[in-house]
Amino acid sequence: QVRVVESGGGSVQAGDSLSLSCAASGRTLSYPAMGWFRQVPGKEREFLATITWSGANLRYADSVKGRFTISVDNANKMVYLQMNGLNLEDTAVYYCAAAPHWAAFHRGGVWGQGTQVTVSS
């Protein structure tokens, strides 16, 4: 009913910045909450940030608060994640997701294919 596609990943040096994009299509009205997550091999998927299409209910994980910024372009159904001050620990596959509620990403969320972010020293 809804589809999300991430883009913008790549290889960067420690301290650099990178912006990720998520394009949503389909029945986005049924999925008012949008979020960014990341995952490394052998680890559980980690919550990063969430936002609604109206730009309300912004939430950030403590690990990225102050470094990452989530934003939304409701007219174009785009969600962005601006990442500053990247370090080696930020290396992961980054996922965009849509959910009917901010607390329902893991149960009922729709996920993109992921985009790889690799940070090197």
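**Figure 1. The whole chain, seen through its surface and overall build.** The chain exposes about 6100 Å², and carbon and sulfur atoms supply 50% of this area. The model shown here and in the views that follow is a predicted one. Of the 121 residues in the chain, 40% are buried. The chain has zero helices and eleven strands, so that reading along the sequence gives the pattern β-β-β-β-β-β-β-β-β-β-β. Taken along the principal axes, the C-alpha atoms fill a box of roughly 40 × 30 × 25 Å. The radius of gyration of the chain is 13 Å, which agrees with the value near 14 Å that a compact globule of 121 residues would have. Among the contacts between residues at least 6 apart in sequence, 55% join residues at least 24 apart. Where charge is concerned, the mean position of the 10 positive charges and that of the 8 negative charges are 10 Å apart.

Figure 2. Arg38 is found in strand S4, which covers residues 33–39, and Arg38 counts as buried because its relative accessibility is 7%, below the 20% under which a residue is called buried. The side chain of Arg38 is joined to the side chain of Asp90 by a polar contact of 2.8 Å, and a polar contact of 3.0 Å joins the side chain of Arg38 to that of Tyr94. When neighbours within four places in sequence are left aside, the residues in contact with Arg38 include Glu44, Arg45, Glu46 and Leu48. Ser63, Val64 and Phe68 are also among the contacts of Arg38, as are Glu89, Asp90, Ala92, Val93 and Tyr94.

Figure 3. Phe47 and Gly35 are twelve residues apart along the chain, and their C-alpha atoms are separated by 7.9 Å.

Figure 4. Gln1 lies in the segment before strand S1, which covers residues 2–7, and Gln1 is exposed, with a relative accessible area of 64%. Leaving out residues up to four places away in sequence, Gln1 touches Ser25, Gly26, Arg27 and Tyr31. Leu29 is 28 residues from Gln1 in sequence, and the distance between the two in space, C-alpha to C-alpha, is 10.0 Å.

Figure 5. Thr28 lies in the loop between strand S3, residues 18–26, and strand S4, and Thr28 is buried, with a relative accessible area of 7%. Apart from neighbours within four places in sequence, Thr28 is in contact with Val2, Trp53 and Lys77. Lys77 belongs to the loop between strand S7, residues 68–73, and strand S8, residues 78–83. The relative accessible area of Lys77 is 22%, and Lys77 is therefore partly exposed. The backbone angle phi of Lys77 is near 55 degrees, a positive value in a residue other than glycine.

Figure 6. Asn57 sits in the loop between strand S5, residues 46–52, and strand S6, residues 59–60. Although Asn57 is not a glycine, Asn57 has a positive phi of about 55 degrees. At 47% relative accessibility, Asn57 counts as partly exposed, because that value does not pass the limit for exposed, which is over 50%.

Figure 7. His101 is placed in the loop between strand S9, residues 92–99, and strand S10, residues 110–111. With a relative accessibility of 41%, His101 counts as partly exposed. In sequence, His101 and Tyr31 are 70 residues apart, whereas in space the separation of the two, C-alpha to C-alpha, is 7.2 Å.

Key. Residues numbered from 1 in each chain as written. Predicted model: local features only at pLDDT ≥ 70, side-chain atom pairs only at ≥ 80, totals over all residues. Heavy atoms only, no water. Helix = DSSP H or I, 4+ residues; strand = E, 2+ residues; numbered from the N terminus. Rg over C-alpha atoms; globule rule 2.2 N^0.38 Å. Buried < 20%, exposed > 50% of the residue type's maximum accessible area, 1.4 Å probe, protein only. Contact = heavy atoms within 4.5 Å. Areas by Shrake-Rupley, 256 points an atom, 1.4 Å probe, with all protein chains shown as cover. Lys, Arg positive; Asp, Glu negative; His and termini not counted. Charge placed at Lys NZ, Arg CZ, Asp CG, Glu CD. Polar contact = N/O pair within 3.5 Å; in protein donor to acceptor, adjacent residues only side chain to side chain.
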